[in-house]
Amino acid sequence: MSAQLSRNHLILLGALLVLALCLRLYRVGTYGIYFDEKSTLLISQGVCLEGANQKDVFSKPYFTPAEFWKPKTYADFVEANIRGDIGNSPSYYGVLMVWLSIFGLSDTALRMPSVIFSTLIVWLLFVFVRRHFRPGDTSRPGASGPLRSNTVDTLALTSAAIATIEPFFVSYSHIARNYSMSFFLTLLATHLFLVILERTQQAPDRFARPRTRPVVWLYLAYGLTFVTALLSHYLTITVFLCHGLYALLYLRNGRAWVQFAVTALIGLGLVSLWFLYGGGTYTFYILEEQKNFYRNLALTNPLHNGFGIILPATLPNILTRAVPVFSDLFIITNGLSAVLGGIRNSLLALGLGTVATLVMHRYFLVPKPPVWVYVAVPLLLLAGLPFYTVLPIRLLVLSTAIPFIYLIGRYVIYQTDTQQKRLVFLLLMLALVPTFFLLFMAWRSGHTYGITQRYSGFSFPYVCILVAFGFLQLVHTRLWFSVPIAIVLLIQAGFIGQILVGIYEDTAAKYTLFGEPRIANPYWSSAQQLKQLYAPGDTILYPNKQRVIRSKKNDITFSPVSLYDAQLVNLYLPKDAQYIQRVDPNERDRIVLVKGGSDKKITIFDFQGNKYRYGD
């Protein structure tokens with residue numbers, strides 16, 4: 001690292017971490033788990049959704065929690081992973097299994113690993129920027145780089161601040177899925193990759209020993225992170241492809257190439273064990289089946305299929321789906337997809353922003369420009385307001401995007417040295433390649449279903465750094481240019497605040513997956529009532545709901561009706577309880593407790609169809 005952190009910077013970093021943790025903890029357990037989280041919970045306990053590995057429990061007329069909770073094996077875990085998540089994310093489920101064995105199965109405990117990893121992203125992003133964008137030294141090209149230690153600290157704090165309030169990070173910290181863990185691991189892998197390159201690039205020639213040789217533990221750490229990340233989500237491979245391309249362009253050390261190759265081969269060998277002997281054995285089969293399923297929906301029922309809008313993968317359709325993904329990637333343009341569909345409005349806003357950028361470029365360094373320049377930028381940005389026909393304030397923000405991108409580019413060109421410019425190129429690859437990979441896969445698959453933000457969310461940490469460049473340049477830009485841009489960015493900050501409120505209220509549909517807020521977990525509350533009311537001789541009845549078959553290979557089970565209501569309630573019942581339970585063939589929506597002495601029926605919970613079975 002460069003010079004030690006100043007006390008003020010240390011205090012600011014601590015404040016950001018506290019704020020990040022508070023934003024992620026706030027209301028984290030308020031709303032009930034949705035379908036993917038139900039799968040997460042069941043997989044972590046080695047239970048197959050719909051009871052494929054519990055035939056001996058549910059094929060009997062009656063069953064008990066003690067029978068449901070019989071000890072599970074590694075084979076149970078693998079089968080649950082295959083049927084619940086196509087064999088993906090075993091490392092995440094392993095971490096979660098250990099975590100829940102210590103802290104219990106509450107919704108808050110279930111989501112807490114996501115909270116922790118999301119907060120750690122803020123810390124690691126600060127470390128990443130401060131380590132890799134530090135001023136050059138005399139042993140490498142570009143040693144006289146203009147970025148000073150205090151500037152790098154400011155850049156690191158700004159990047160961390162953006163990550164702190166980034167709605168994407170906050171929302172996925174409230175979801176019990178692998179994503180926050182995967183984002184952290186890929187950022188850690190990039191950090192380790194650059195540390196290794198930093199050591200190897202000090203070698204005097206291609207095959208000589210470096211003066212500061214990377215110790216074995218760095219390669220071990222990188223390899224372990226590679227394996228864990230890839231087994232947290234298969235699409236993390238896009239990040240490592242960027243590492244490989246960057247090394248191909250800039251690594252000129254033969255010994256390092258050999259060491260990286262050995263690390264990669266060992267890592268891929270370990271990952272391949274999961275595909276040969278674990279849940280990955282069915283992954284490619286299921287992916288092929290899903291590709292055909294969604295492509296058929298895109299061709300026959302693109303709008304009303306129960307999975308959202310799924311379009312055929314034509315170039316216009318792919319571009320239409322890509323626009324909001326790229327827009328929401330940058331916090332300064334988050335939410336602008338709502339106006340980008342209006343071509344004439346968008347072109348006007350972008351055109352005015354481009355003219356404002358040209359004015360800025362022409363007079364950026366002129367100390368005393370013509371009088372009209374002092375008001376040119378605000379007038380140009382405001383000029384479109386009378387003509388915008390939809391969401392004019394949003395379009396005002398859109399018109400500011402071009403000048404801000406110009407500020408990012410100017411900062412990179414004039415305020416970074418040769419080595420730092422190389423790092424910016426890596427940031428750009430990491431910011432764009434994951435999404436372009438999704439677009440390519442959509443084209444190959446024939447449908448647009450997979451074009452979604454979470455599958456390319458590994459890009460967000462690097463985009464935070466790029467946006468931080470723009471903010472630093474904005475501070476050092478003449479007031480007649482910077483003030484109007486800053487005011488519009490404050491308006492965008494208000495929109496970001498509204499998005500965060502929507503996340504906390506469960507109404508930000510693009511993040512929470514729902515337009516109407518959920519209630520607290522009905523399975524947990526039902527279990528608490530049953531524990532209080534159940535007496536020997538009573539019987540618990542579960543709904544007999546028609547089972548939804550999503551995949552012939554992945555969803556095969558013995559039961560003609562859905563069992564997941566019974567499964568999820570039993571997760572929260574005592575493991576040694578002898579409660580008598582059965583699935584009621586005459587009930588579709590209610591969990592009912594039948595009192596043994598009087599045949600009195602107590603409704604524990606009414607799901608009202610799918611109203612309270614979120615995402616099913």
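**Aromatic pairs, group meeting**

Okay, let's start with Tyr 504: its relative accessibility is 10%, so with the buried cut-off at under 20% it counts as buried. Bear in mind that this is a predicted model.

Now, which ring does Tyr 504 pair with? That's Tyr 26, and the pair is edge-to-face, with 4.8 Å centre to centre and 75° between the planes. Tyr 26 comes from the loop between α1 (7-25) and α2 (35-44), while Tyr 504 belongs to helix α22 (residues 479-504), so this pair ties together parts that are 478 residues apart in sequence. Tyr 26 itself is partly exposed, at 47% relative accessibility.

Next one: Phe 193 and Tyr 246. The ring centres are 6.2 Å apart and the planes sit at 70°; over 60 is edge-to-face, so that's what we call this pair. Again we've got distant parts of the chain being linked, with Phe 193 in helix α10 (residues 179-200) and Tyr 246 in helix α12 (residues 237-250), 53 residues apart. Buried or exposed, Phe 193 and Tyr 246? Phe 193 is buried, at 2% relative accessible area, and Tyr 246 is buried too, at 1%.

Those two also belong to one aromatic cluster, along with Tyr 219, Tyr 222, Phe 226, Phe 240, Tyr 250, Phe 260 and Phe 425.

Arg 362 has its charged end over the ring of Tyr 363, 4.7 Å from the centre. With Arg 454, the charged end is over the ring of Tyr 455, 4.9 Å from the centre.

Notes:
Residues numbered from 1 in each chain as written. Predicted model: local features only at pLDDT ≥ 70, side-chain atom pairs only at ≥ 80, totals over all residues. Heavy atoms only, no water. Phe/Tyr/Trp six-rings, centres within 6.5 Å; stacked < 30°, edge-to-face > 60°. Helix = DSSP H or I, 4+ residues; strand = E, 2+ residues; numbered from the N terminus. Buried < 20%, exposed > 50% of the residue type's maximum accessible area, 1.4 Å probe, protein only. Lys NZ or Arg CZ within 6 Å of the ring centre and 35° of its normal.
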